[in-house]
Amino acid sequence: MHPRLISAGPMSLKRLFWLLLGLVVTVDLSAEDTAPSKALVAAVDRLVAKIGIDATSPGVAILIRVPGRLLFQKGYGLANLAQKTRITPGTVFELASCSKPFTATAVLLLHDRGLLSIEDDVRDYIPELPEYDSETPILIRDLLQHTSGLPEYFDFEDVPRRNKTCWVNEDYLSQFAAQQADFPLQFRPGSKYDYCNSNFLLLASLVQRVAKKSLGRFLHDEIFVPAGMEHTFVYDSPQEAPQITDPRYSRAIGYEWNEKRENWKPGWGTPPDRQEKVLVVGDGSVWSNLEDMAKWDSAVRTRKFLKPETWKLALTSAKTRKGKNTGYGLGWFIYAEDDDQVYGVGHDGTWGGFENSYYRHLRTNRSTVILSNHDTMDTDELWTALDELVEKHLTRE
């Protein structure tokens, strides 16, 4: 160490620490090497062709990066079959359940600001929810970590809607009580882990009531804009789908394979191509692209938005009342070995022909984003194959 730094004193060393931290963040966000290996690109090209994606089919966009270096970024196939729009790194996809970490971050922001506590009874904010168990109320924490025991809102029947064109979150809130006889609590809160989209529907409504703005507006103001995610939005009404003014940032349509007719059927999309009828948010409905997901990755890596202890809590596996690890934190899947050693965090998402994955491998410090509108895509298998290719080509360098 330079002798002047040794004698600089505690305050100067602290300032130096923050200066160096700022440099690290800057490198991660803006000084990234954007020239992936030609050999790796060729290998991924062959892999994508092997799994059945070509220039005429729905496809996939892939991002692989480590801090300061973009290892791979490319799109394959078509975003819109009718218009023959190619998938590029700018193509915007429905994230499906990859939206859940964003919803969780919104809730935890409110927690850090003292506007709520994750230990609060959910009914303090959503009194429409039945008092299923007076001795063990459902806590906000239970929603975040899928230990609530709530029934799946997708299963509710004949849900009335207040809007002529679509169902929204508010339409479902009263149905937990109205349909409680047919859809009771599945287990005592905290006693078991069971992944359930109802949890994040309720969290979105909770954010709206506490923040006095929709989840989409809150995420835009508090996360998307500060992170520089210029093409990311929440599709919670036909009016909230931005007009496409730049063809580089066109939106994909999700496609489902029709076995009987042996063709691709559109499954999900936004105006003007499609008008969907279920516009519930929280469990899904964030739309984004590779470019913005790289910025989200940087925000997660640098622990932006939340307090350090809150990030640690979010990215640690929750436990049941009996102390069993659930494999899910607060809005995040936590991937661990049999001895509970964590090796990765992330989330995947499936909806309406979209198959997505955001995964960060902690041991290699490498992040992979897969966004696909090809519903037969197996993102786990693709990630595994991509990881093997990257390891193989990095060892050659």
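Over the ring of which residue does the charged end of R161 sit? The ring belongs to W167, and the charged end of R161 lies 4.4 Å from its centre. A charge is taken to sit over a ring if NZ of Lys or CZ of Arg is within 6 Å of the ring centre and within 35 degrees of the ring normal. K100 does likewise with F200: its charged end is over that ring, 5.8 Å from the centre.

A word on the model itself. This is a predicted model, in which local features need pLDDT of at least 70 and side-chain atom pairs count only at pLDDT 80 or more, while totals for chains, interfaces and linings use all residues. Residues are numbered from 1 along each chain as its sequence is written, and side-chain values use heavy atoms, with hydrogens and water left out.

On to rings meeting rings. Searching the whole structure turns up 22 aromatic pairs. Rings of Phe, Tyr and Trp (its six-membered ring) pair if their centres lie within 6.5 Å; planes under 30 degrees apart count as stacked, over 60 as edge-to-face and the rest as tilted. One of these pairs is F93 with F354, whose centres are 6.3 Å apart and whose planes stand at 80 degrees, so it is edge-to-face. Since F93 is in strand β5 (residues 93–94) and F354 in strand β12 (residues 354–361), the pair ties together parts that are 261 residues apart in sequence. Helices (H or I, at least four residues) and strands (E, at least two) are DSSP runs, numbered from the N terminus. Both F93 and F354 are buried, where buried means under 20% relative accessible area, exposed over 50% and partly exposed in between (1.4 Å probe, protein chains only).

Y328 and F333 also pair edge-to-face, at 4.9 Å centre to centre and with 85 degrees between the planes. Y328 is buried, with a relative accessible area of 0%, and F333 is buried as well, at 17%. These two belong to one aromatic cluster together with Y193, Y195, Y335, Y343, Y359 and W383.

Next, the helices. The axes of α3 (residues 38–50) and α12 (residues 379–396) come within 10 Å and cross at roughly 155 degrees; axes are lines fitted to C-alpha atoms, for helices over the stretch in contact, and angles run from 0 to 180 degrees between N-to-C directions. On the α3 side the contact (heavy atoms within 4.5 Å) is made by A39, L40, A43, V44 and L47, and on the α12 side by L382, A385, L386, L389, V390 and H393.

Helix α4 (residues 100–112) and helix α8 (residues 198–211) have axes that also come within 10 Å, crossing at roughly 40 degrees. Here K100, T103, A104, A106, V107 and L110 of α4 meet F200, L203, A204, V207, V210 and A211 of α8.

Most residues other than glycine have a negative phi, and most peptide bonds are trans. P271 and P272, however, are joined by a cis peptide bond, with omega about 5 degrees. P272 is placed in the loop between β8 (263–268) and β9 (286–288). That loop between β8 and β9 also holds S285, which is not a glycine but has a positive phi of about 85 degrees. S285 counts as buried, at 7% relative accessibility. A96, in the loop between β5 and α4, has a positive phi too, near 55 degrees. A96 counts as buried at 4% relative accessibility.
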